[in-house]
Amino acid sequence: MAQHPLPDGLHPDTLAVRTATDRSQYGENSEALYLTSGFVQPNAELSARRFGGEEDGYTYGRTGNPTVTSFEQRLAAMEGTEAAMATASGMAAVMLMCFSLLRAGDHVIYSQSMFGSTMKLIGSEFARFGVDSTSVPQTDVAAWRAAIRPNTRLLFAETPTNPLTEVCDIAALADMAHDAGALLCVDNCFATPALQRPVTLGADIVMHSGTKFLDGQGRVMAGALCAPEAMVRDKFLPVQKNSGMVLSPFNAWVVLKGLETLGIRLKAQSEAAHTFAQWLEAHPAVARVHYPGLPSHPQHALAMRQMSGVGGAVLSFDVKADSPEQARARAFHVLDSLRVLSLCTNLGDTKTLLAHPASTSHGKLSEAQRQAAGIGQGLIRVAVGLEHLDDMKADLLRGLDTL
Ligand SMILES: *Cc1c(COP(=O)(O)O)cnc(C)c1O
């Protein structure tokens, strides 16, 4: 059924609900889930033209699926990029980007507080194929600049970071990358396009773990790269077709529907996180709160400029202690006293999730590396969900007040 194209100039909230491929002949209002691996071809001639890339049309699940296309179009519209390519997970998106854009002899600069698997993939796995890399302190623009080499192809930043919510200056890094003939990719997992659109600040590529806030209810794994049309078509698609890191249509459909409520979820969860952060900062058992929305955050002003004046839905805090051993015991006591909130290393769920980074996501680092990264034994990360604030506080107080 041919559809009227959407008019230009719609707001992101509208695009989040309305952008999708055309309805089928049945006129379904909620986007259809095309749970199929193959597509029947109308005739052999058209089949040949589709396989030859001369004609648009779906052929096989590894090269495209209408439900996956809907997710790609919707996310691209929300990020303000021409196109997007969905992947099986956030890490598959990093993999696809590196495979598509880098070759032996190239150099990548990334922040040393990035997601652990991202650092391992670039710093260790791609090093085996001759890709050099340098990791730099997240917030130190001069350190990024000093790391630039003639063969630097990619700057890769994540802002805010996990779990300390460090914020980097996207516009400054974009200028630096472009002056060096390189690209800037931003992992926008924590802020999401609801709060921060990196391409409006000069970034070239936006990377997502759809597993987190885009799904929003902790159901499926997903990922995506948002980028210019030519990059998606000429760089990402050829690699994706042959490597098969594709997003399943079912997962695409779940995240597609998740995008419809992203804006209101982020707004509500960020408001709760802000109140929570203020409350924790005043608690006598808490040494320090890390949250971009608080004036005490080192990059508070920059964060407010970049993130629509909102601090996001993730915060972390250190419990007071005299030694690393005591800090660990106290953090464990707080976590083991929970009756409502979940001890779970995921984030971006409607359920509030707490985690102990030093023994989970950052557990493989040496104590010295953890100290350097600021991940103490008393650090607890809170990904704030949609429960009532009073219930969240009461659940945390059970442990905090009995230390
Ligand atoms: C979870 C996460 C990833 C990896 O995504 P997966 O979907 O788990 O593969 C990358 N970056 C950040 C910031 C994340 O939180």
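**Domain interface and a helix pair**

In the predicted model, the domain assignment divides the chain into domain 1 (12-259) and domain 2 (263-400). The centres of the two domains, taken over C-alpha atoms, lie 27 Å apart.

The interface was examined next. Domain 1 contributes 29 residues to the contact, and domain 2 contributes 33. The size of an interface is often given as the accessible area lost when the parts come together. For domain 1 and domain 2, the buried area is about 2500 Å². Carbon and sulfur atoms account for 61% of this area. On the domain 1 side, Leu 164, Leu 195 and Phe 213 stand out: they supply 29% of the area that domain 1 buries against domain 2, more than any other three residues.

Two packed helices are described by the angle between their axes and the distance between the axes. Helix 3 spans residues 66-79, and helix 10 spans residues 249-260. Their axes come within 8 Å and cross at roughly 35°. The crossing is left-handed.

Helix 3 meets helix 10 through Thr 67, Val 68, Ser 70, Phe 71, Arg 74, Leu 75 and Met 78. The partners in helix 10 are Pro 249, Ala 252, Trp 253, Val 255, Leu 256, Leu 259 and Glu 260. By class, ten residues of this contact are nonpolar, two are polar and two are charged. Arg 74 in helix 3 and Glu 260 in helix 10 are the charged pair of residues.

Notes:
Residues are numbered from 1 along each chain as its sequence is written. This is a predicted model: local features need pLDDT of at least 70, side-chain atom pairs count only at pLDDT 80 or more; totals for chains, interfaces and linings use all residues. Side-chain values use heavy atoms; hydrogens and water are left out. Axes are lines fitted to C-alpha atoms, for helices over the stretch in contact, and angles run from 0 to 180 degrees between N-to-C directions. Helices (H or I, at least four residues) and strands (E, at least two) are DSSP runs, numbered from the N terminus. A crossing is left-handed if the near helix is turned anticlockwise from the far one by less than a right angle, and right-handed if clockwise. Contact means heavy atoms within 4.5 Å. Domain bounds come from an automatic or database domain assignment. Buried area is the accessible area (1.4 Å probe) that two parts lose on being put together, summed over both.
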